[in-house]
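Q: I have a protein model open and would like to learn how to read it. Could you take me through it one feature at a time?

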Amino acid sequence: MKKLMDVCDIQYGYAFDSKKFSDDSSFIPLIRIRDVKRGYSETFYSGTYSKEYIVHRNDLLIGMDGEFNIARWSSNEALLNQRVCKIVAKNGTNEEYLRFAMSRKLKEIEEKTSFVTVKHLSAKELKKIILKMPNIEKQNKIANILVKLEDIIKVYKKELEKLNSLVQSRFVELFGDLKSNNKRWPIVGFKECADIDTNMIHNFEGYEDYPHIGINCIEKETGRLIGYRTIAEDGVISGKYLFTPKHIIYSKIRPNLNKVALPDFKGLCSADAYPILVKSEICNREYFGYTLRSRYFLDYILAFSNRTNLPKVNKNQVEGFMLPLPPINIQNQFATFVHQVNKSKFEVQKSLEKTQLLYDSLMQEYFG
């Protein structure tokens, strides 16, 4: 076991003058907290600076507010701003091993840190960190295994992104641009295509094993349903909406997150969502669901969500939406394509989850 200071050097960021922050990309980028994980910055600095605060590609950074992330910088030269620090491994330390060990330790600290408005990681707390440091040969072996698993996980995630993009491309190919309606489809109202189904369940006897879908279980943009439990496991007591594989689930809370799910099972969903049932003789679920997930609908609905704390939209606002309605046979072509792609996505997702499980178990084994 060794102190963090014994295995690496730490450089803390500088408090650059915010008056000289700029969106002009001709200046050098400035790394802020939000930039650590994503690896690039959209803030630039127009003032003078010392070269000691320049960060280079692949430097190892830690964000010290909010989520305590550690990540390699994946862009070109940038400036190390306050509340971000850079760590450099000393001789005898594998820097990738250090990254994995620190990611685990930072998560522990984050979970223990009391929450006020934003969590803060102090320099004093960093210096107190104790890490399990085996000999360099074992560090190398552990780092190599985990890096390979990380790379495999990235590949699977990229495949899923490509499959999602493929569906979006097919949507545009078949239906054109919804906003301009360049294919001149008839324009109809929401209620001509679908109904918001407000079949609410209050007595949960017989529904105990039904999946319970809260809006936090709907992945933004993709609509993938994740991390849900049963009605009994969640101890549900307030009214919930019943949905089936024929429904679309639309989250009316924080519509900017664009949470639209197409479930393939029966369940109950939060009253903060609307189960939507399409009129199958003129509209299919896939076309309508992807239209609700489109930028066209998002721009329409965001015009109503002006509240600052928890913006949401109401039933009348959703039902006021107007959309192009292509012939049902073309919609069905799209639905067939979606089902085929979903089969591929299922296999990739299964492989991703299996690899992620192995990665998580090894992280637990190596770092506790």
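Q: Is E221 buried, partly exposed or exposed?
A: Some background comes before the answer. This is a predicted model, in which local features need pLDDT of at least 70, side-chain atom pairs count only at pLDDT 80 or more, and totals for chains, interfaces and linings use all residues. Residues are numbered from 1 along each chain as its sequence is written, and side-chain values use heavy atoms, leaving out hydrogens and water. Buried means under 20% relative accessible area, exposed means over 50%, and partly exposed lies in between (1.4 Å probe, protein chains only). With a relative accessible area of 45%, E221 is partly exposed.

Q: What is the phi of E221 near?
A: Phi of E221 is near 70 degrees, a positive value in a residue other than glycine. You will find E221 in the loop between strand 15 (211-213) and strand 16 (229-230). Helices (H or I, at least four residues) and strands (E, at least two) are DSSP runs, numbered from the N terminus.

Q: Where is R184, and what is its phi?
A: Look in the loop between helix 5 and strand 12 (187-189) for R184. R184 is not a glycine, yet its phi is positive, about 60 degrees. R184 has a relative accessible area of 75%, so this residue is exposed.

Q: How many salt bridges does the structure hold?
A: Side chains of opposite charge can pair when their charged atoms come close. A salt bridge here is a side-chain nitrogen of Lys or Arg within 4 Å of a carboxyl oxygen of Asp or Glu. The structure holds 20 of them. One of them joins the side chains of E95 and R72, at 3.0 Å from N to O. That pair links distant parts of the chain, 23 residues apart: E95 sits in helix 3 (residues 95-112) and R72 in strand 8 (residues 70-72). E95 is partly exposed at 22%, and R72 is partly exposed at 23%.

Q: Which residues form salt bridges with R99?
A: E96 is one partner, with the closest N and O atoms 2.9 Å apart. R99 and E96 are 3 residues apart in helix 3, which means about one helical turn separates them. E150 is another partner, meeting R99 at 2.8 Å, N to O. R99 lies in helix 3 and E150 in helix 5 (residues 136-175), so this pair ties together parts that are 51 residues apart in sequence. R99 counts as buried at 12% relative accessibility, and E150 counts as buried at 15%. Salt bridges that share partners join R72, E95, E96, R99 and E150 into one network.

Q: In which sense do strand 14 and strand 17 pair?
A: Two strands pair if DSSP finds at least two bridges between them. Strand 14 (residues 200-201) and strand 17 (residues 240-243) pair in the antiparallel sense over 2 bridges. There, I201 has K240 of strand 17 as its bridge partner. Strand 17 is also joined by 3 bridges to strand 20 (residues 267-269), and these two run antiparallel. The bridge partner of L242 is L268 in strand 20.
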